[in-house]
Amino acid sequence: MPPTTPPTIVVTGATGNVGRALVDQLAAEGAPVRALTRAPERAELPDTVDVSRLDLSGDRPRPADLTPLFEGASGLFLHLQAAGAHTATLLEAARAGGVRHVTVLSSGIIQDGADPTHPIYAAHAELEARVTESGLGHTFLRPNAFATNAFQWVPQIRTGDTVRGPFGGAVTAPIHEADIAAVATRTLLDDGHQGAVHRLTGPEAVTTEQQIHAIGAALGRTLRFVDIPPREVGPDLFPHVAPEVLPALLASFAEAVGTEPEITTTVENITGKKARTFPQWATDHKAAFRP
């Protein structure tokens, strides 16, 4: 008998930080990958990857319109912004196309005792609820701080050695996007993750100011961090954050000053490799901070 073709893994948010890393890792393992993106012509993904268009910004889609995107697929990586208000429709189409398992990029803010009115909590709780309601098998990934949030400092670091920002003493354990992707890869290719909730962090606690110093070290420069009052923070400092979410995010930073962040060993437990440190992330991405 001829060898059977393994089922495809569909990746939404395929050109984002985590999605791109996931596509690369799945492709490296020989898994058939279908990458969904709004602009396939600009995706610049590996040649072995099937890149397809998913743009839900227009009229309300029907499941039947989206089902071809999932034909021949068994797994789906779902990003919060992939479908927005059309998440239920996307999941219905995925199920009709053959998908049986969804790995969801959720958020570490989803935990006991969290404020359910926090906008980041509310958005990810709704996403998880939609997946649960879909009846599909699922795994929830709940990472805390992303190391890629440090990209917000790119404009300042490219133009000088002083970085201005709020709450330099806020402590997190930022996780490398490649480690999130590595865990996602295992949940999509291996058995044993059905119904699991994986909390993900980096391996060590660092302050915001220490992150700036680590980026400087990777660049061979000495960077200085200057704390500014939250009232002076504008959208230019957090371009990746919706304006309506920024006050809640700043409040979270204030609460993180001088604290002990959650640190998990989930990355190593699942992948067999230690999670990458923030200095490793800075070295991996130093080109982004150069003029």
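## Close-up views of the predicted model

**View A. Helix α3 and its cover.** The buried residues of α3 are covered by elements that include α2 (63-66), β4, β5 and α4 (119-134). Buried means under 20% relative accessible area, exposed over 50%, partly exposed in between (1.4 Å probe, protein chains only). Helices (H or I, at least four residues) and strands (E, at least two) are DSSP runs, numbered from the N terminus. This is a predicted model, where local features need pLDDT of at least 70, side-chain atom pairs count only at pLDDT 80 or more, and totals for chains, interfaces and linings use all residues. Residues are numbered from 1 along each chain as its sequence is written, and side-chain values use heavy atoms, with hydrogens and water left out. Which residues of α3 are buried? They are Thr-87, Thr-89, Leu-90, Leu-91, Ala-93, Ala-94 and Gly-97. Gly-98 follows α3 and has a positive phi near 120°.

**View B. Helix α3 crosses α4.** Their axes come within 10 Å and cross at roughly 35°. Axes are lines fitted to C-alpha atoms, for helices over the stretch in contact, with angles from 0 to 180 degrees between N-to-C directions. The crossing is right-handed, the term for a near helix turned clockwise from the far one by less than a right angle; anticlockwise is left-handed. From α3, Thr-87, Ala-88, Leu-91 and Arg-95 make the contact, and from α4, Leu-127, Arg-130, Val-131 and Ser-134. Contact means heavy atoms within 4.5 Å. These residues divide into 4 nonpolar, 2 polar and 2 charged. Here Ala, Val, Leu, Ile, Met, Phe, Trp, Tyr, Cys and Pro count as nonpolar, Asp, Glu, Lys and Arg as charged, and the others, Gly among them, as polar.

**View C. An open sheet of 7 strands.** The order is β3-β2-β1-β4-β5-β6-β9, with parallel pairing. β3 (50-53) and β9 (197-200) stand at the edges; each has a single partner strand, so one side of each lacks a neighbour in the sheet. On average, neighbouring strands are turned by 20° against each other, direction ignored. Two strands pair if DSSP finds at least two bridges between them. β1 (residues 8-11) and β2 (residues 33-37) pair in the parallel sense over 3 bridges. Val-10 has Arg-34 of β2 as its bridge partner.

**View D. Helices lie across the sheet strands.** Helix α1 (residues 17-28) lies across β1, β2, β4 (73-78) and β5 (101-105). It runs at about 165° to β1. Helix α3 (residues 87-97) lies across β4 and β5, at about 160° to β4.

**View E. An aromatic cluster.** Phe-151, Phe-278, Trp-281 and Phe-289 form one cluster. Rings of Phe, Tyr and Trp (its six-membered ring) pair if their centres lie within 6.5 Å; planes under 30 degrees apart count as stacked, over 60 as edge-to-face and the rest as tilted. This rule gives 6 aromatic pairs. The ring centres of Trp-281 and Phe-289 are 6.1 Å apart and the planes stand at 75°, so this pair is edge-to-face. Trp-281 and Phe-289 are both buried.

View F. Glu-44 lies in the loop between β2 and β3. Glu-44 counts as exposed, at 74% relative accessibility. Phe-167 sits in the loop between β7 (162-165) and β8 (171-172). Is Phe-167 buried or exposed? At 19% relative accessibility, Phe-167 counts as buried.

**View G. Glu-209 in helix α7 (residues 208-219).** Glu-209 is partly exposed, at 31% relative accessibility. Leaving out residues up to four places away in sequence, Glu-209 touches Gly-168 and Phe-225. Pro-166 is 43 residues from Glu-209 along the chain, and their C-alpha atoms are separated by 9.8 Å.
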